Amino acid sequence: MNRYVLNETSYFGAGCRTELATEVKTKGYKKALLVSDRVLASCGVLDKVKEVLNNAGIPYDEFLEIKQNPTIKNCQDGLEAFKKSGADFIIAVGGGSVMDTSKAIGIVNNNPSFADIKSLEGIANTVNRSVPIIALPTTCGTAAEVTINYVITVEEENRKIVCVDPKDIPVVAIVDAELMQSMPAKTIASTGMDALTHAIEGYITKGAHILSDMYEIQAIELIAKHLRGAVKDKNIVDMEGMSIGQYVAGMGFSNVGLGIVHSMAHPLGGVYDIAHGVANALLLPIVMEFNVPVCIDKYGNIAKAMGVDITNMTKEEAAKAAIDVNIPQTLRELNIPKEGLPRLAKDALADVCTGGNPREVTYEDILKLYEIAY
Ligand SMILES: NC(=O)c1ccc[n+]([C@@H]2O[C@H](COP(=O)([O-])OP(=O)(O)OC[C@H]3O[C@@H](n4cnc5c(N)ncnc54)[C@H](O)[C@@H]3O)[C@@H](O)[C@H]2O)c1
Ligand SMILES: [Fe+2]
């Protein structure tokens with residue numbers, strides 16, 4: 001059995017944020033809680049969305065207290081803001097951190113017995129759908145606008161929990177590359193590598209399926225084609241290519257799972273607050289190498305999607321070409337202490353994404369991979 005959960009409606013194209021007003025009116029929503037963060041409020045991105053709401057006379061309150069790698073407190077404060085506002089829907093404007101917090105707010109508001117958030121880890125037996133969410137992504141990485149997942153940090157345990165719940169999926173996704181152009185180049189690079197990691201892990205994951213393969217190969221093609229140009233000068237053609245590439249990757253992986261690049265990236269965020277995309281970029285080639293014995297054919301397809309001419313290559317050479325992603329940094333350069341690696345390995349082994357990895361892994365395997373990344 002295979003199940004696919006996708007948005008009810010999604011919009012693409014530079015400037016498509018104006019559709020927000022039409023959607024709100026058509027759905028009959030009355031008042032929004034506009035969820036975003038301080039950086040987006042100060043760099044003008046949030047204003048672009050507020051302009052649409054103001055022009056259409058749609059009332060809203062704002063909640064902006066969300067940090068990167070959002071915490072349980074961020075979610076609980078957001079829930080309080082939602083209740084106080086009298087809103088009947090959420091507009092999430094931001095990267096994965098903002099969209100994930102919005103999902104937690106929406107789910108807990110309608111399923112109050114999960115107010116501690118921690119009990120939502122893994123596949124929770126919530127009963128009611130989330131408060132309706134309209135999501136406008138501002139990074140080109142997580143695809144949280146189309147995924148059924150959200151990732152929250154339990155601060156007192158320095159641990160990230162992954163919550164998987166089809167009831168949290170945003171009703172509408174509005175993917176407007178103009179909201180992404182203000183990202184610093186290094187954020188485009190790191191979130192873009194998150195998207196590439198989703199596409200590759202979603203393609204080789206144990207649960208991969210004909211439909212998800214179709215999405216992931218297309219996503220790899222788009223990201224390989226557009227990421228460099230987007231980082232270089234943020235031109236709208238490449239930014240749009242990235243905005244769609246990351247979304248298409250999400251259409252796939254959200255429905256089939258990921259692998260241990262993500263399991264190993266989550267503790268780096270939970271314990272050391274490393275940006276998610278930076279952690280993925282560093283781990284991706286190392287984990288790909290580890291998975292070679294069970295993925296060699298699929299790696300050839302990945303190389304081909306990346307634009308490599310594999311006609312005269314052996315399977316091994318094609319796989320090597322797929323893995324040849326630059327490693328930008330090491331864990332040492334990110335100031336991760338070597339004695340912290342066993343704890344990271346323990347958390348990574350327990351992560352929800354580990355079950356999806358195509359090759360079986362042990363604690364010792366994961367520790368060894370962290371050591372290579374060190
Ligand atoms: N829900 C999912 O399916 C899913 C998938 C992958 C990752 N995640 C989670 O998402 C989080 C990471 O999200 P992210 O990588 O999108 O980054 P993010 O949301 O943490 O944003 C990173 C930084 O960039 C800023 N920023 C965002 N958009 C900007 C813009 N347009 N201009 C200027 N600055 C901007 C933010 O304010 C923030 O400071 C992690 O917690 C990760 O675990 C979730
Ligand atoms: Fe990710």
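These exercises work through a predicted model with its two ligands, step by step.

Residues are numbered from 1 along each chain as its sequence is written, and chains are lettered from A and ligands numbered from 1 in written order. Local features need pLDDT of at least 70 and side-chain atom pairs count only at pLDDT 80 or more, while totals for chains, interfaces and linings use all residues; side-chain values use heavy atoms, without hydrogens and water.

**Exercise 1. The iron site**

Task: Find which residues coordinate the iron ion (ligand 2), and describe the arrangement of the donors.

Solution. 
- Step 1: List the donors. Donors are N, O and S atoms within 2.8 Å of the metal (3.2 Å for Na, K and Ca); water is not among the atoms, so sites may look incomplete. Asp194 (OD), His198 (NE2), His262 (NE2) and His276 (NE2) coordinate the iron ion (ligand 2) at 2.1 to 2.2 Å.
- Step 2: The spacing of the donors is D-x3-H-x63-H-x13-H.
- Step 3: Check the angles. Four donors are tetrahedral if all angles lie between 85 and 135 degrees; four are square planar and six octahedral if opposite donors are over 155 degrees apart and all others between 65 and 115; anything else is irregular. The angles around the iron ion (ligand 2) run from 83 to 172 degrees, so the arrangement of its four donor atoms is irregular.

**Exercise 2. The surroundings of ligand 1**

Task: Describe the shell around ligand 1 and the polar atoms near its nitrogen atoms.

Solution. 
- Step 1: Count the shell. A residue is near a molecule or strand if one of its heavy atoms lies within 4 Å of it. Ligand 1 is surrounded by 31 residues, and the closest are Asp37, Gly96, Ser97, Thr139 and Thr147.
- Step 2: Sort the residues. Ala, Val, Leu, Ile, Met, Phe, Trp, Tyr, Cys and Pro count as nonpolar, Asp, Glu, Lys and Arg as charged, and the others, Gly among them, as polar. The shell holds 12 nonpolar, 15 polar and four charged residues.
- Step 3: Take the atom pairs. A polar side-chain atom of Asp100 is 2.8 Å from a nitrogen atom of ligand 1. A polar backbone atom of Leu179 lies 3.0 Å from a nitrogen atom of the ligand. For Ser182, an N or O atom in the side chain is 2.8 Å from a nitrogen atom of ligand 1.
- Step 4: On its own, ligand 1 has 870 Å² of accessible area (Shrake-Rupley method, 1.4 Å probe). The protein covers 93% of this area.
- Step 5: Name the elements. Helix 2 (38-42), helix 5 (96-110), strand 7 (149-154) and helix 6 each give two or more residues to the shell. Helix 6 gives the most, with four residues.

**Exercise 3. Residues in loops**

Task: For Asp37, Thr138, Ile117 and Asn158, state the loop and the accessibility class.

Solution. 
- Step 1: Asp37 sits between strand 2 (32-35) and helix 2. Asp37 is buried at 15%.
- Step 2: Thr138 is in the loop between strand 6 (133-137) and strand 7. Its relative accessibility is 3%, so Thr138 is buried. The side chain of Thr138 reaches the backbone nitrogen of Gly95 at 3.3 Å.
- Step 3: Ile117 lies in the loop between helix 5 and strand 5 (122-123). Ile117 is buried at 2%. Its phi is positive, near 70 degrees, and Ile117 is not a glycine.
- Step 4: Asn158 is in the loop between strand 7 and strand 8. At 35%, Asn158 is partly exposed. Asn158 has a positive phi of about 50 degrees.

Notes:
A polar contact is a pair of N or O atoms within 3.5 Å; within protein, one must be able to donate a hydrogen and the other to accept it, and residues adjacent in sequence count only if both atoms are side-chain atoms. Buried means under 20% relative accessible area, exposed over 50%, partly exposed in between (1.4 Å probe, protein chains only).
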